[in-house]
Each structure stands twice: as C-alpha cells, then as structure tokens.
Amino acid sequence: MDLGLKGKVVVITGAAGIKGSIGETILQHLAAEGAIPAIIDRNDRGFGYAEELQAKGIDAIFCKTDVTNPDQIESAIKTITEKYGKIDAVINNVGVNDGVGLDASYEDFMWSLKLNMVSYFLVVKHALPFLKTSKGNILNIGSKVGLTGQGGTSGYAASKGGVLGLTREWAVDLIKYRIRSNAIIIAESWTPAYEAWIKTLENGEEKLKSIVKKIPLENRMTTPAEIADQCLFTISEKSSHTTGQFIAVDGGYVNLDRSLLSE
C-alpha cells in the first residue's frame, strides 16, 4: 500500500536498536515507504543505519542524542530542521523497562521518567513549530504496563501511564492546528531483547509457553513488523481522522475477555 509517506520527514527516537528491534523495524519500514527517517538515539549504530539507507539512495539523518539531556534533544531537532526545513511526523519510540521499583533511589526513578516520558515531551515541544506548519502528527509508543502494571518497575509504569496521558492531552491541545496525536500499545512482542531475556531464565522455555498461551489471537507474540505496519498507517493520511486513540497491537492481550485463553 502506498501510504503517501514519500518525502515526509519523520523524526523517530530510539530507532538505533539492534536489528529486529521495534525501533529499527519501524525505521526500515519508513525507508521502504519512501519517508525520510530522522533518527534520534544515543547508540552509534544509528550512524551505520543512516549510511546503509543512504547507500541505497534513501535520504536519512542520524543525530546521536542522549534523550535524558534536554539540550541534546533541542540540538537534534535543530540539526534536522536546518537540513530539511520541516518535520511531518514524530514517532516517540524510546523505552526501557528498567526495573526501577519501589526499592530504587529517587535518582533512579527520576532518570526513568526522563528517559521514558520526559523525552517524549521535549521532542514534541521542539518539533511543534514545524508540526504546526506541516499539520503533521505525533505517535507515541506505549506499553500495556501503563495500563495493567507489571510489578517491580514503578519508573517505567509511571512513564508509560504518563505517555498515554500526554497522548490525549496533546490530541486536545493541538486539535486547533489539525495535529493528530495517538499512541500504540504494545504487549508481548518477540524482539531480540525479549529473546535475550528469556534465555536468562532457568525455565525460559516454560515461561515463554505460559506467556504465549495468554495471547488470545493465535496464541502467538506480536511481531515488530506488525507494530511497524500499524505505526506507518497511523501517521499516514490513510488515518486522517484518528486522534487521541490508544491503539493496541497485541493480539487482544490487554482488552479481550480472559475466557478466550487456551487451557
């Protein structure tokens, strides 16, 4: 499907994860649609990803950025807009389920908020003048943890709950500029990081089977490609009258009746 993203400058944070991660998959799908990915991430992999795309004739830029640093975020947006003169969409994708629980320090809790929520605010704040011009839109990557809790991860849960609040607030605040704001809610997605976590568990295979059994649709995990497809559709004009929504790409994990679960 041609989503009309060709030539659109899409700022995406956290897109320099390892190959197959959600951010990197969204990045590759953006490039395949002809969009111009503007990657904001702290990992040097971003340089390689941008170079790979450029070698294929796809315009892309990488701004190495610690998103817990407000000055670096402002600088990244400035670099992007000086090169392209516009921003058509923002995808806030940064997220680390860091296990900052009630036993953590104040400093660790605040760091988790800065990474997982405050960075979303700052990226949008600095991109906003350009989104107003383009009548662009915002897509925040959320998590089931912001709705259901998880245990042992107060910082991440608070952040992801806050991200959903910001999503609705921005939808209201920016509607007069025809700027849409939505969130994707992810539950169980089979990523390299998830696979690495399973391998650290003594009973990893049993744990994985128990998780998969709890996913109503097809008893399988969501793929990063399925999440990326939904992201691209949501930021495109094919989704032009959708704003303030929490779109769960999770096989029914969060919202469907538990009676659907297999024995």
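1. Helices (H or I, at least four residues) and strands (E, at least two) are DSSP runs, numbered from the N terminus.

2. The model is predicted, with local features needing pLDDT of at least 70 and side-chain atom pairs counting only at pLDDT 80 or more, while totals for chains, interfaces and linings use all residues. Residues are numbered from 1 along each chain as its sequence is written, and side-chain values use heavy atoms, with hydrogens and water left out.

3. Strand 1 (residues 9-13) is largely enclosed by the rest of the structure, because 5 of its 5 residues are buried (under 20% relative accessible area, with a 1.4 Å probe and protein chains only). In a regular strand the side chains alternate between the two faces of the sheet. Here Val 9, Val 11 and Thr 13 lie on one side, Val 10 and Ile 12 on the other, and both faces are covered.

4. Strand 1 also pairs in the parallel sense with strand 2 (residues 36-41), over 5 bridges, and Val 10 stands opposite Pro 37 of strand 2.

5. Helix 3 (residues 70-84) and helix 4 (residues 106-134) pack at an angle of about 30 degrees with their axes 10 Å apart, the axes being lines fitted to C-alpha atoms over the stretch in contact, and angles running from 0 to 180 degrees between N-to-C directions. Their contact (heavy atoms within 4.5 Å) includes Ile 73 and Ile 77 of helix 3 and Leu 122 and Phe 130 of helix 4.

Note on methods:
Buried < 20%, exposed > 50% of the residue type's maximum accessible area, 1.4 Å probe, protein only. Pairing = 2+ DSSP bridges.
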